[in-house]
Structure formats: structure tokens, C-alpha cells
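I opened my notebook to look up aromatic rings and a helix. Here is the structure I worked from.

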Amino acid sequence: MSKITAAITALGKYLPENVLTNADLEEMVDTNDEWIVSRTGIKERRILKGSNKGSSFMAIKAGNDLIAKANLDPKEIDLVIVATATPDMQAASTAAYVATQIGATDAFSFDLESACSSFLFGMSVATSYIESKKYSKILLIGSDKNSSMIDYTDRATCIIFGDAAAAVLFEPNTEGLGTQDEILKTNGSGREFLQVPAGGSILPASKETLEKGQHFVYQDGRTVFKNAVFNMADVTTKILERNNLTKDNVTWLAAHQANKRIIEATANRIELDPNKVMMNIHKYGNTTSATLPLLLNDYESQLKKGDTIIFAAFGGGFSWGAIYFKWAYNA
Ligand code: UT7
């Protein structure tokens with residue numbers, strides 16, 4: 001019997017309607033379009049508005065979009081993984097709610113959190129379950145309502161993040177397509193440089209934490225930037241070497257959209273043609289767990305069966321990695 005690999009067979013997405021432009025931010029904090037574009041590549045981002053709407057709201061929309069496009073019976077889904085750094089709430093599983101709402105009532109589900117690497121690590125988990133033949137339809141959704149933890153008076157963070165969700169379906173493949181190899185890493189000594197200090201178990205929310213704004217994202221941008229550039233390029237180079245790939249064998253680089261300069265540095269390290277670098281940060285900013293599946297959605301019409309894609313990400317923790325992947329279908 002031929003080997004089973006884990007391929008992506010369908011995509012879906014959800015983008016909130018509300019657009020926050022650099023011009024809007026100029027009215028809110030001491031910044032300007034030129035600084036934001038030259039330092040990050042971001043022109044606008046989407047913000048989820050409305051009460052009682054969390055990451056599940058967007059995850060459900062992205063899941064339903066995939067289900068409709070793939071003409072899938074949601075009852076056939078075995079597992080729903082919601083990759084998110086902004087779950088709806090503490091304790092109650094966001095994925096459980098999402099799975100029920102999209103009609104995946106025969107599935108089990110769980111949240112997966114590893115900051116901006118959540119979706120990449122979720123790809124690894126989905127791949128292992130498929131390759132083990134334990135489950136055959138796994139819905140992996142990246143969804144983050146980053147605006148829920150951003151201080152819109154802090155110019156160091158509010159210009160970067162946006163809200164979005166996007167979904168992929170993993171299924172078994174007998175042609176050797178899908179996930180080929182992975183290098184995944186973490187280093188906990190990096191957690192002081194990118195975090196939301198309060199609201200978790202180490203510093204529960206209180207009047208004092210609220211007054212100090214400790215429920216907002218804190219980032220030491222320069223330190224995170226240096227670590228992101230070094231580590232993303234490092235694992236990307238290593239995964240190419242380990243698989244005897246050169247820049248000519250790579251069809252696409254799908255890198256976490258945190259900063260255009262980090263993505264370009266990774267591409268430069270492997271001397272990749274800029275036309276092979278997927279980029280949509282200018283439209284959405286950093287959407288944390290949604291960046292990689294949003295790239296696939298935006299580039300789906302250009303992807304061809306057999307294309308080699310290198311996924312790469314870096315995020316809080318620190319956490320990072322690269323996945324060597326072969327695309328399984330023509331749009
Ligand atoms: O997705 C998870 C992982 N996260 C990342 O990968 C993000 C990594 N970091 C970055 O992308 C960049 O560090 C930032 C975009 C956050 C910042 O860019 P930078 O080039 O590292 O700027 P900086 O923090 O070194 O600041 C340079 C200057 C400072 O002024 P001085 O001290 O040189 O006078 C800042 O105060 O720019 C100033 N600055 C701003 N100016 C205008 C910081 N933010 C802004 C702003 N508008 N929004």
C-alpha cells in the first residue's frame with residue numbers, strides 16, 4: 001500500500017469589513033504612513049467590530065466558507081483545530097464552540113496556542129494525525145481577534161496587528177503531496193519580549209493590572225525583530241539543505257506576515273526570486289494565526305499541483321519553524 005501523506009484540499013477565509021488605514025492611525029497616535037509602510041509594509045488592517053464577537057465568530061465564518069466552497073458535509077469532519085492566541089475566553093474551548101456551530105457535530109476539537117506559530121504548529125499536528133491514519137478530515141482554522149488585546153494609544157503595537165480568520169482542510173493523499181518535512185522550535189527565554197502580561201494564571205486580571213494596561217500586548221520590537229530574522233532564515237535554510245532543495249526548486253515562500261522586512265530577509269537568505277514570495281501584509285497587517293492560511297487563500301488561483309511551498313513562522317514564546325510542503329491541486 002502506498003504511503004499516506006497529509007495534503008491541503010480546500011480553503012476558506014473571513015475578513016472583517018471594517019478597515020483601519022494608516023491615515024486613520026495618524027489621527028490616533030503619533031505616527032505616519034511613511035514610517036509604517038517603510039518599517040513594516042503595512043497599509044491597512046481589518047478590525048472586528050461589534051459586541052459579543054470573538055475569535056470564534058471569525059473562525060465559524062472561515063469554516064463555513066470552506067465547507068460551502070468544498071461542498072463538504074460538516075458531519076464528515078473528524079477533528080477541528082482552532083489555532084489562536086486570542087481564544088474567546090479562559091477555560092471554555094473556542095474550538096468546541098466553533099465545531100458545533102459549523103455543524104461538525106461528530107468531530108472532537110481543541111485550541112492550539114503558540115502565538116504567531118500556532119497555525120504552523122497546527123499543520124504539524126494535523127499532518128501527524130493524517131499520516132497515522134487515525135483521522136482523515138481535519139479542519140485547521142487560524143483565527144485571531146488581535147484588536148482585543150491592543151492598546152490603541154501605543155504606537156509601537158497598534159500599527160502592526162489586524163483581525164482575520166482562515167481555514168484549511170487536511171486529507172490523506174496517496175500521490176506523495178502535502179507535508180514533506182518540518183523543523184519546529186521554541187525557546188522560552190524569549191517570553192519577556194512579547195507578551196500580554198496580565199489576564200492569565202500568573203497575573204490574573206485585577207483593578208491594578210487594568211490601570212497599568214497589562215492586559216494589552218507588550219512587545220520589545222527590536223529584540224523580536226532580530227530573533228525573527230535570524231531564526232526564520234535559519235530554519236528555512238536548514239529545511240532546504242536537509243531536503244536537497246535549492247532556490248530553483250522552491251515555487252513559493254509562505255512566511256508569517258509580521259513585517260515585510262523580516263519576510264524579505266528570509267527570502268534573501270535563500271536568494272529566492274521576490275516573485276516567489278507570497279505577500280499580503282499590506283492589506284491585513286499581522287493577523288497572528290491567520291497569516292499563513294490567508295496567504296493560501298489569496299494565492300490559491302496561482303497555485304498548481306506539485307508546487308513546492310516553504311512555510312515559515314516566528315512568534316512569541318519564542319516559537320518558530322519551517323515546513324516543506326507540496327501543493328495538491330490546481331485551482
Ligand atoms: O508576529 C510576531 C512576531 N513579531 C514580529 O516579528 C515583529 C518584530 N518587530 C518589528 O516588526 C519591528 O521591530 C517594529 C515594526 C515593531 C518596529 O520597527 P523598528 O524598525 O524595529 O523600530 P524601533 O522599535 O527600533 O523604533 C525606531 C524609532 C524609535 O524612535 P527613536 O527611539 O529612534 O527616536 C521609535 O520610538 O521609531 C519610533 N517608532 C515610531 N515612529 C513612528 C516606533 N513606533 C513608531 C510608529 N510611528 N508607529
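How many aromatic pairs does the structure hold? I found 12 aromatic pairs. Rings of Phe, Tyr and Trp (its six-membered ring) pair if their centres lie within 6.5 Å; planes under 30 degrees apart are stacked, over 60 edge-to-face, the rest tilted.

My notes on the source: this is a predicted model, where local features need pLDDT of at least 70, side-chain atom pairs count only at pLDDT 80 or more, and totals for chains, interfaces and linings use all residues. Residues are numbered from 1 along each chain as its sequence is written, and side-chain values use heavy atoms, with hydrogens and water left out.

I looked up phenylalanine 108 and tyrosine 135. Their ring centres are 5.4 Å apart and their planes are at 50 degrees, so the pair is tilted. Phenylalanine 108 is in strand 5, and tyrosine 135 is in the loop between helix 5 and strand 6. Helices (H or I, at least four residues) and strands (E, at least two) are DSSP runs, numbered from the N terminus. I also noted one aromatic cluster of Phe108, Phe110, Tyr129 and Tyr135.

Next I checked lysine 53. Its charged end sits over the ring of phenylalanine 57, 4.8 Å from the centre. The rule: NZ of Lys or CZ of Arg within 6 Å of the ring centre and within 35 degrees of the ring normal.

Last, I turned to helix 11 (residues 291-299). 8 of its 9 residues are buried, so helix 11 is largely enclosed by the rest of the structure. Buried means under 20% relative accessible area, exposed over 50%, partly exposed in between (1.4 Å probe, protein chains only). Among the buried residues I listed Thr291, Pro293 and Tyr299.
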